[in-house]
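Hello,

Here is the structure we talked about. Please look it over before reading the notes below.

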Amino acid sequence: MNEETIYSEMLEIPVNTYNITYTPPTRRRRKKKETPKEDVKELAIEKVNREFEAQDARAETGQPAAEMQQESVAEETLSEAAQEPAPEKKKRFRVSVIGVQLAVVVALLALIVVSNLFMPNSGISVFLHSIFTPQTEQADTRDYNSFAAVLPTADGEVNVSGGVMSFAAKGSVYSPCDGEITALTQGEDGKYTIEITHSTKFKTVIRGIDYAYQELGSSVYGKIPLGYSLGENVELCFYGENGELITSYTVDNETDQVIWEV
């Protein structure tokens, strides 16, 4: 015996022995919440009440119980059918307007190609050639006496001698007819000479202009000035088809017109 036991017996101290056993706690699974019993009861009571009310209503009308049961089954079937999704309707084939237009265009193109290959003189071929073929401008072959010519100035008197028209007025200088500038030169004295072509058989040459408003190749018109004179002598001559000087005309200073002698 050890000393502690001897000492305990001498003092008469009771000695007790205990065995302690430890058990680890187990996890408890949470139970799903159930629907309250009160709600379930209320739903059941409402369903039973609806069935009794329906039966009472049919009993009052004298309808047999078998028919009532059939009607209840039919109502349940209808409610289930209403809950089922309706079958999808098949899409109908629709003709597209754009598709029709494209088909018409393709058919026209095919017709044009066939007509150009096998019928070059058909109306469609001639029409297409007239549209896509570049048109050449026809040359103006009018004679001088076909033009309504006017005087080149409105500020002074114009004289004619041997087919040469001359004036010494300060102001704008005009072309006698519509045309195109085909030659433009400046002399040593600084004055301009302008050649205006009206047709293949008629042109005008003006000499002695101090300022030229238009450039070579520009179109000129009878009412738009083509230059300016400071008041010194300006001469104008008309030329025909072969470059001969035209002398068979007179001028009217009151109406500013050139009168051709036929």
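Buried means under 20% relative accessible area, exposed over 50%, and partly exposed in between (1.4 Å probe, protein chains only). Tyrosine 249 and tryptophan 260 are both buried.

This is a predicted model: local features need pLDDT of at least 70, side-chain atom pairs count only at pLDDT 80 or more, and totals for chains, interfaces and linings use all residues. Residues are numbered from 1 along each chain as its sequence is written, and side-chain values use heavy atoms, with hydrogens and water left out.

**Aromatics.** Rings of Phe, Tyr and Trp (its six-membered ring) pair if their centres lie within 6.5 Å; planes under 30 degrees apart are stacked, over 60 edge-to-face, the rest tilted. The count is eight aromatic pairs. Tyrosine 249 and tryptophan 260 pair edge-to-face, at 5.9 Å centre to centre and 65 degrees between the planes. Ring pairs join Tyr144, Phe147, Phe202, Phe238, Tyr249 and Trp260 into a cluster.

**Core.** A nonpolar core is a set of buried Ala, Val, Leu, Ile, Met, Phe, Trp, Tyr and Cys residues joined through side-chain atoms within 4.5 Å. The largest has 26 residues; Met165, Phe202, Phe238, Val258 and Trp260 touch the most other members.

**Strands.** Strands (E, at least two residues) and helices (H or I, at least four) are DSSP runs, numbered from the N terminus. Five of the six residues of E10 are buried, so E10 is largely enclosed by the rest of the structure. Two strands pair if DSSP finds at least two bridges between them. E2 and E10 pair antiparallel over four bridges. Methionine 165 stands opposite leucine 236 in E10. E6 and E10 also run antiparallel, joined by five bridges.
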